[in-house]
Amino acid sequence: MIPIAELPGWAAFLVALLVLAGAALTLTGATGLLRLRTFYERVHAPTLGTTLGATLILAGSMLCFTVLQSRPVVHEVLILLFVSLTTPVTLMLLVRAALSRDIQEGRVSPPQPDKDRSS
Amino acid sequence: MIRLLKWSLMPAFLMAIWLLLNQSLAPGQIVLGAVLGGFGTWVLTALDPPAGKLPRPLAAMRLFLLVVADIVRSNILVARIIWRDSPGRRPGFVRIPLELRSPYGLAALACIITATPGTIWVDFDSESRVLTIHVLSLVEERIWIDTIKGRYERHLREILE
């Protein structure tokens, strides 16, 4: 392993910028999970971390190790690929579970098909 | 030729993942990756995936860039809502009639809608072919319907149908 101190200044600056921006977005998403009021609003918030947040942090990681090892290091894109393919499934399951329970308990009326448009 | 291409696409994709994972182009890894790719594809056929057409690569690339731009934009919009919520914002369900039929297209649409912050795929009624999504900021139903149908559905149909 090559020590991180060998990272040239410009790269260190860029990596720090990317990682901080990604972390800030992920934190924003986590905050949204707390601040928003209803369940359906809350599920939207964490997607900030799984999309742009993760992308920025992984881009920082790619840049850091590409510069340190003087060869392209790109296997981080796999993390992005798997995260963006799997998180929608969990989110959809959560929303559908919440909705079917809310409909059952009469808290939310089931979304009605509006006749004028769906035909 | 087309058939051959179709059948070698999945093994090639799995092999690419394997090589990327190991960060190596050594002959041994390529052989191992090819074997794993073939095995993975064989396992996949046991799931009996529905038949689909080969996507058009250029159109798919265009859709990908469009989705990336939309994801970046909605990240900013949702971040703004989280830190400084406007009192007029109201969330809600939107129902959208779809003409897209390809199961792969629908799966891709589900991933696109849910991965974009601010919108989540809730339900798709395969009989009436109406999709229900939940949006964080429902300005006007019409705008959302136009976005999903005009942008994503049109592109997906172009790519797959």
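**View 1. Helix H3(B) and its length in a predicted model.** H3(B) has 27 residues, which at 1.5 Å a residue should span 39 Å, and its end C-alpha atoms are 39 Å apart, so the two agree. The expected span is 1.5 Å times one less than the number of residues. Helices here are DSSP runs of H or I with at least four residues, strands are E runs of at least two, and both are numbered from the N terminus. The model is predicted: local features need pLDDT of at least 70, side-chain atom pairs count only at pLDDT 80 or more, and totals for chains, interfaces and linings use all residues. Residues are numbered from 1 along each chain as its sequence is written, and chains are lettered from A and ligands numbered from 1 in the order in which they are written.

**View 2. Buried residues of H3(B).** Among them are B:Leu63, B:Val67 and B:Ile71; buried means that 20 or more other C-beta atoms, placed from the backbone, lie within 10 Å of the residue's own. The cover over the buried residues includes H1 (9-35) and H3 (47-69) of chain A, along with H4 and H5 (141-160) of chain B.

**View 3. The side of chain B that touches chain A.** Here 30 residues of chain B are in contact with 29 residues of chain A (C-beta atoms, placed from the backbone, within 7 Å). H3(B) gives the largest share of this side of chain B, seven residues.

**View 4. H3(A) against H3(B).** The contact is made by A:Leu48, A:Thr51 and A:Leu52 of H3(A) and by B:Ile71, B:Val72, B:Asn75, B:Val78 and B:Ala79 of H3(B).

Key
Two residues are in contact if their C-beta atoms, placed from the backbone, lie within 7 Å. A residue is buried if 20 or more other C-beta atoms lie within 10 Å of its own, exposed if 12 or fewer, and partly exposed in between; C-beta atoms are placed from the backbone.
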